[in-house]
Amino acid sequence: MKKILFILLLLFISTSLAQSKYFIYFEDKGIKPTDKLLKEENFYKAAINNLSEKCIERRIKNMGDDDIVTYEDVPINKEYIRILEEEGIKIENKLNWFNAVSAYLTNSEKNKILNLSFIEKIEPVKKFVYKDLVYTSSNNTLKRTSKSFLFDYGPSLDQLQLSDIPAVQDRGITGVGVLLGLLDTGFNWKHHESLENADVVAEYDFVFHDSSTANDSLDDPAQHNHGTLDFSIVGGFKEGSLIGSAFGSEFILAKTEDIRSERHIEEDNYAAALEWMENYGVDVTSSSLGYSTFDPPEFSYTYADMDGKTTIVTRAAELAFRRGVVTVNSAGNEGDKPWHYITAPADGFNTLGIGAVNNSNEVASFSSRGPTYDGRIKPDVVTQGVSVYCANAGNYSGYITASGTSVSAPIASGVAALLLSASPYLKNTQIRNILLETAGNSHTPNNDKGYGLVSAVRAIEFPNLKKTGNTSYSINKIFLDDENINSQTMRIHYSVAGADYVDQHMTFDGNLRFSFDLPYFFNNELVDFYFTYDDNNRNSYREPLNNNYKFYYGSFDISLNLNPETSYVDYQVSEPYPNPFYPIQNTFTSLSIKTSGNENLTVRIIDPLGQQVYYYNTITSGYDFRFDWYGKNESGLALASGAYFFLIDLNGKKYSRNLVLIR
């Protein structure tokens, strides 16, 4: 009996001392999410001090001048961290966006800190099992093109030619001016001939917390293999051997995976890496880590969680997107496995999930299929993911071929970088929209290929809008083969709200780009247009041939094959109801808001004298969100009768609504 009791005691002690990794969420940051964030306050200053100049510039371009800092950016309360550390808790990652830290806790530690007044909740950090690529020999037996290009692509030509990348690089568009971030297993980039000259501006190891992403002395020898080959597909440059899809870009690297005992990535490493990259100023992120099967099983996600807003990694990717980053992720290798469907974070509303095809544009059996659990089409687009030529880590001049959506993602992220390099003023929403519009299956998207095969040529030649003043815009059109166009004949034909077409000459900048400054129209008026021009042999052309481009004035998304409302997750704000509003005790008027959830919402209410009388700021939840107003100011005092104006900002999209209040 004593022996049994002793064994039970040992089991109890070992269980109580065993540590697991947890997220520790805080109640607030010294301010609450609903508090007004003023630029002159220390909270705002502390948040913006964490952002690089490049990050601020990107946020202003994508979010506007007023609200580039949100509650998520405010640093975690230092006093809360100090108290935890005094309790002996070692912080692993600080996640400002989630107002949380991660740490290893025993059961007794977890129960103890749960009693602290500032702790909201504690949740386990999930560990996502990493799926190996399929490696094959480096013999390149794929079909070849007879066309000659400026660079000697060697065996990497076919994978780029499938997405029309060499023709773009021929015109000097290689990714220059773009900061592209990779999140992966590690990067042995300094010791491979195709990567040793890559322009890496920063790197960080979120496993061992140091500034080198190469193998640590404690790492598994294969740790850096996956990341190195992915990096080479987008950033490599060795003529005759391997050229990356956007080799002219700058790169920022994050090591987020630890494969020593199990092939897994922990959520907090991924989320912390994305926040670090965004603060640094990244423009495009590329991740080849798809998450579906998790360890341990009792902490597992399910397919029902692939809804665009549940997993930490998906929420982090979406938060980066809302700050102007183009987020790209592999769709997953589950197509021929029981899971079958898309994996996180490719399930995000705005994160581009990349599927895989072979060099004949046939969907790979392993490529994860859609839809997301809530019914959205996925993957978004596809690139080659079968027998992709790439660097062999640990062998200075060695190369292999690999298959998986892991190797599709860096081709797609490279095309996004090329597009931004060609037109640096583009918002990330425009880049996403253009990639969907110009993909090969955009007329009939499905849950195998999504919107189809990415084409760098079609994406860069697709017309885009540039803001040239507070309320003015220009239409821009690139022709990569501009030398064969008679620039004097290039014209735009446009119609507004169904009126007669206006025919205008377009201005040529002497290097690929034609532009036209639109006159001022009212917001939300439908503009449709097409181009005509002659080549140097006096042959006439119309583009598009049988349809027109269209957009709503004030929006930046031009549509051709897609309906405007499906080209990007659109937010809708209702008129206030009831209106007029007769406030009596506990009655209110409401705005109904359609949102993907976790969006920054600001509502300012202006009185008839132009004074702000009410301010509201929050993070939305769910698809249907409601804002209620009781006809009172921020101090709770009833306001007088009159016309009031609602100024609404939902994740950078601005709306205004009018209300008549009658007492």
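**Close-up views of a predicted model**

**Figure 1. Cysteines in the predicted model.** A search of the whole structure, which is a predicted model, finds 0 disulfides. A disulfide is a covalent bond that links the sulfur atoms of two cysteines. Cysteine 55 has a relative accessible area of 0% and is therefore buried. Cysteine 390 is likewise buried, with a relative accessible area of 0%.

**Figure 2. Confidence along the protein chain.** The mean pLDDT of the protein chain is 88, and 90% of its residues reach 70 or more. Over residues 1-16 the pLDDT is below 50, and this stretch has 4 contacts in the model beyond near neighbours in sequence. Residues 565-571 also have a pLDDT below 50; beyond near neighbours in sequence, 29 contacts are found for this stretch.

**Figure 3. Packing of helices α9 and α10.** Two packed helices are described by the angle and the distance between their axes. The axes of helix α9 (residues 267-280) and helix α10 (residues 312-322) cross at roughly 5° and come within 9 Å. Because angles under 35 degrees count as roughly parallel, α9 is roughly parallel to α10. On the α9 side, the residues Glu267, Tyr270, Ala271 and Leu274 take part in the meeting of the two helices. They meet Ile312, Val313, Ala316 and Ala317 of α10.

**Figure 4. Surroundings of aspartate 230.** Aspartate 230 is placed in helix α8, which spans residues 225-235. Its relative accessible area is 1%, so aspartate 230 counts as buried, the limit being under 20%. Apart from neighbours within four places in sequence, aspartate 230 is in contact with Leu182, Asp184 and Ser288, and also with Ser406, Val407 and Pro410.

**Figure 5. An open sheet of 4 strands.** The strands follow the order β21-β22-β26-β25, and their pairing is antiparallel. β21 (464-467) and β25 (507-508) are the edge strands, each of which pairs on one side only. Strand β22 (residues 473-478) runs antiparallel to β21 and is joined to it by 4 bridges. Within this pair, lysine 466 has serine 474 in β22 as its bridge partner.

**Figure 6. The hairpin of β23 and β24.** Strand β23 (residues 491-496) pairs with strand β24 (residues 502-505) in the antiparallel sense, over 4 bridges. Arginine 491 has histidine 505 in β24 as its bridge partner. The two strands form a hairpin with 5 residues between them. Alanine 497 lies in the loop between β23 and β24; although alanine 497 is not a glycine, its phi is positive, at about 55°. With 54% relative accessibility, alanine 497 counts as exposed, because the limit for that class is over 50%.

**Figure 7. Histidine 340 in its loop.** Histidine 340 is found in the loop between β16 (326-330) and β17 (352-357). Its phi is near 75°, a positive value in a residue other than glycine. Most residues other than glycine have a negative phi, and most peptide bonds are trans. Histidine 340 counts as partly exposed, at 27% relative accessibility.

Figure 8. The peptide bond from tyrosine 577 to proline 578 is cis, and its omega is near 0°. Proline 578 lies in the loop between β30 (572-573) and β31 (589-594). Asparagine 579 and proline 580 are also joined by a cis peptide bond, with omega about 5°. Proline 580 lies in the loop between β30 and β31.

Definitions and conventions:
Residues are numbered from 1 along each chain as its sequence is written. This is a predicted model: local features need pLDDT of at least 70, side-chain atom pairs count only at pLDDT 80 or more; totals for chains, interfaces and linings use all residues. Side-chain values use heavy atoms; hydrogens and water are left out. Two strands pair if DSSP finds at least two bridges between them. pLDDT is the predictor's confidence in each residue, from 0 to 100. Contact means heavy atoms within 4.5 Å. A disulfide is a pair of cysteine sulfur atoms within 2.5 Å. Buried means under 20% relative accessible area, exposed over 50%, partly exposed in between (1.4 Å probe, protein chains only). Axes are lines fitted to C-alpha atoms, for helices over the stretch in contact, and angles run from 0 to 180 degrees between N-to-C directions. Angles under 35 degrees count as roughly parallel, over 145 as roughly antiparallel, 65 to 115 as roughly perpendicular and the rest as oblique.
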